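Subject: Structure handover

Hello,

Here is the structure you will be taking over. Please open it first, then read my notes below.

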Amino acid sequence: MNGIILTINGKQVKGKAGSTVLEICEANGINVPTLCHLKGLTDVGACRMCLVEIEKERRPVPACTYPARDGLVVQTSTEKLEKHRRLVLELLFTERNHLCAYCLASGDCELQILGYEYQIDSWRYPYSWPSFPLDSSDKHVMIDHNRCILCGRCVRICSEKVGVHTLDFGYRGWKDRISADLNQPLGEASSCIDCGACFQACPTGAIWAKSSAYRGRPDQCKKMRSVCALCGVGCEIDVLVKNNALIRIDSTELAGDRGVLCYKGRFDQLYESHQGINTPLLRDDSGKLKACSIGNALDEVGEKFGNIVARYGKNSIAGIASSKASNESLKAFKKFMTDIIGNDLIDTIDGDEYRTIIQGATKFRSGAGLNIETTLEEILKADCLLVVGVNPLESQQVAGSYIFRAASQGKANLIVLDVDKNPFGFHASTWLKPTKGKEELAINALTKAVIGKLSASNAVKAKENTTSLGAMNITQANKEAGIDVEDLNNAAAMLAKSKHSVVVYGKDILLRKNPKLITAILRLASKSGKQNPKKPRVISLKPRGNSRGAWNLGLANKKEFSLSGLTKNGVKAVYLLLADDYIDDTKIIDGLKGAKFVVVQASYSSPVTASANVVLPSPTWAERKGSYTSLDGITKSTPKLTQPQNNIKRDEDIIRGISKRIKISDRRS
Amino acid sequence: MAKVATETKKSAANSVTSSKTFEKIQAIIDRTSNKAGASIRVLQQAQGLVGYLPPGVLKAISRDMKIPLSELYGIVSFYSFFSLVPKGKYVLQVCMGTSCYVKGGEKILDTLRKDYNLVPGGITSDGRFSLEMVRCLGCCGLSPVIAIGKDVHRKVKPSHLKDILSSYR
Ligand code: SF4
Ligand code: SF4
Ligand code: SF4
Ligand code: FES
Ligand code: FES
């Protein structure tokens, strides 16, 4: 590390070469007021609050953009500077509506804090009575241009970190304002992905989240570090809680990686979308589900499970878990099935996807498992990206942002291979659009084309020409797969010459349940430029928040698993751990029909709980302490954020309650 | 909210502007896009071609030059040279300077809105007139004043509008 020494306010301070003066001040605890600066974003020097005096500079300069050098002599707080800062604030208060008493951000506003600090109680210029529109067209985000200070933080976060560049400055001078797409209301701006990053980045009350409005200021809330468990990206979050309710969810490091969040993680979790279950339910003689005590419910489950095992043997109970549950719940569930019931008739709801991935990976290279996959951060380093059969903006939005970022900053060529959608618009250099059902052929044709573009001396090429792809006629294959030859050749050229390609696939590919597709994708990736042929950079976007966790724990069955098949072949009872997943999959509901006795442990009422004999309550993500594993294998934990109603017990405790009530002696029959 | 593209570039059609125009815009982009300040040059030429910059044209430029819509809008709204609305065959300016305002400029605007469905920034349905408000045309003694193209009409009463406008074909 290259150290430099500066003199700031008469004191010698050390810093890293390559930092700005502001960064060195911050690292040394020297306070310099800022407004347009936000750590992680490019600094633009727009607001002029951070002006400092530097020896030999004729005029004050913005600390946020001034590169620090060895030997600089800096003053951060002279009379001249303070007068200047006061003027900047006065102008801001003159220009737009900063009448705090009527502002949602009051108490949580960087401008207000500076206003107090500089004791702005009047301003020398006439007030401008701004009358900009209020844009409340978006589902989640509200923009009040009258409170905007044009710092551009929203513009920069939207383009630099979210990657979609919905926002920019429109007009000029007094009319200058933030504008979305073609100056459309935000709700109609087609490029906006509703992530809310602009809201968190805004220092004032100009951008607001409807879900948090009027529900409590941050300083009235308890702030807890947690992890979003919705989709497997595993974004780290700060949750603000007041009166046992989630008020607001922020990203912990706004401009850091995995730091922008998505509308689901940031907003949707603040609303209860399904009817909660806060008491155990037991089906009575008339066939209706009735509330009962937890003791009664556990007695019933223990007795029935015990009887069924005694009568039909240990292979008469099957267990299915949702990979939305925490690692702790899943561990307890698995232990219950293997140790107490004594069988391996367990699976996760997304077990098919697991088997598809694993079988595909094994065929690519024997012994390969989930570990063959790479991490999401690799996307940001990529120079060529291939996205196959998935819309990450729907399934794992922050992963989608990574792709946008890599592609829009001109670092990566983006290729989309998808039957019917291109979520990345013009950011995609090429959209290969195979006919439905011909994806495998298209991928193989692309692989062959890539091999053809690699240098002839390449050993890979020689080897591959002897395998199944060797005989393929690309033109013919393309015709069959419905792909434009020119597009395919372009894509192949990009992949062949890339030095760091990453392939991302997901939902639509996994739904096909065809391991050959996975093998084809891995093989394609391994042939692209500069890949480790044994461990190509590939990521699968998995179906649920904790899929990787559940699969790592061995919850998903290695063998084919069909609920209806099992109930036909002697399984009498099914135990479903749904936790806070909401399931209305008819395949599961139909599969349950063959069982005599169904126990569902869930946080929300669903068609599945409606078909149960006993419903056991389960705390939601917010109501329990637990850990979750991201789709690329990083485990993070969350504390209990809110108190569950009726003091619902943790899944582990309920499972232990059942275990205790099952007569062990019956078990070994 | 984000909309997902379901059509390729080749199949994208637009109702306002013909596909011939888009081909021409594509050609403009092809010969301009690697020059400095390409976006402004392309916008200028596209406006020259179409007369103004409708959303469809901006979207095509955004897509083909890979420039976010918001960035293009920023440019277009910054320079007064660019127009997002079509201009009529004749530009009708109504003076709203102090004198004209006091003498009934507003009534002229009212009449244009009621009888011709013409509002400031708008255009008549036959495309003959587009309307702008201006501040003082420098003949306050003869207010209220309107200008059509290079002609200035003085002491205009709402009832004169019919005759005045029908003299422009
Ligand atoms: S919500 Fe996200 S995508 Fe939409 S404007 Fe704000 S930062 Fe951009
Ligand atoms: S909306 Fe907020 S973040 Fe965006 S420019 Fe205005 S004050 Fe800054
Ligand atoms: S991307 Fe996934 S983990 Fe991140 S906030 Fe959204 S749902 Fe949560
Ligand atoms: S923080 Fe440096 S100019 Fe705004
Ligand atoms: S006010 Fe209309 S011409 Fe001067």
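A definition to start with: Ala, Val, Leu, Ile, Met, Phe, Trp, Tyr, Cys and Pro count as nonpolar, Asp, Glu, Lys and Arg count as charged, and the others, Gly among them, count as polar. On that basis, the shell around ligand 3 holds eight nonpolar residues, four polar and one charged. Please keep in mind that this is a predicted model.

**Ligand 3**

The shell has 13 residues, and those nearest to ligand 3 are A:Cys228, A:Cys231, A:Cys235, A:Cys262 and A:Gly265. Two elements of chain A give two or more residues each: helix H6 (263-266) and helix H12 (397-408). Two domains of chain A, domain 2 (126-270) and domain 4 (366-540), each supply at least three residues of this shell.

**Ligand 2**

Around ligand 2 there are 14 residues. A:Cys148, A:Cys151, A:Cys154, A:Cys202 and A:Ala206 come nearest. By class, the shell splits into 11 nonpolar, two polar and one charged.

**Domains of chain A**

Chain A is divided into domain 1 (3-77), domain 2 (126-270), domain 3 (281-350 + 547-666) and domain 4 (366-540). Note that domain 3 is given as two segments, 281-350 and 547-666. Between domain 1 and domain 4 of chain A, the C-alpha centres are 45 Å apart.

**A helix pair in chain A**

Look next at helix H13 (residues 439-453) and helix H15 (residues 474-481) of chain A. They pack at an angle of about 155°, and their axes are 9 Å apart. Angles over 145 degrees count as roughly antiparallel, so H13(A) is roughly antiparallel to H15(A). Their crossing is left-handed.

Which residues of H13(A) and H15(A) meet? From H13(A) come A:Leu441, A:Ala442, A:Ala445, A:Lys448 and A:Ala449. From H15(A) come A:Ile474, A:Ala477, A:Asn478, A:Glu480 and A:Ala481. Seven residues of this contact are nonpolar, one is polar and two are charged.

**Chains A and B**

How many residues does each chain bring to the contact? Chain B brings 20 residues and chain A brings 28 residues. On the side of chain B that touches chain A, helix H3 (55-65) and helix H4 (69-78) of chain B are the elements that give two or more residues. H4(B) has the largest share, with seven residues. This side of chain B is made up of 10 nonpolar, six polar and four charged residues.

Over to you.

Best wishes

How values were computed. Residues are numbered from 1 along each chain as its sequence is written. Chains are lettered from A and ligands numbered from 1 in the order in which they are written. This is a predicted model: local features need pLDDT of at least 70, side-chain atom pairs count only at pLDDT 80 or more; totals for chains, interfaces and linings use all residues. Two residues are in contact if their C-beta atoms, placed from the backbone, lie within 7 Å. Helices (H or I, at least four residues) and strands (E, at least two) are DSSP runs, numbered from the N terminus. A residue is near a molecule or strand if its C-beta atom, placed from the backbone, lies within 6 Å of it. Domain bounds come from an automatic or database domain assignment. Axes are lines fitted to C-alpha atoms, for helices over the stretch in contact, and angles run from 0 to 180 degrees between N-to-C directions. Angles under 35 degrees count as roughly parallel, over 145 as roughly antiparallel, 65 to 115 as roughly perpendicular and the rest as oblique. A crossing is left-handed if the near helix is turned anticlockwise from the far one by less than a right angle, and right-handed if clockwise.
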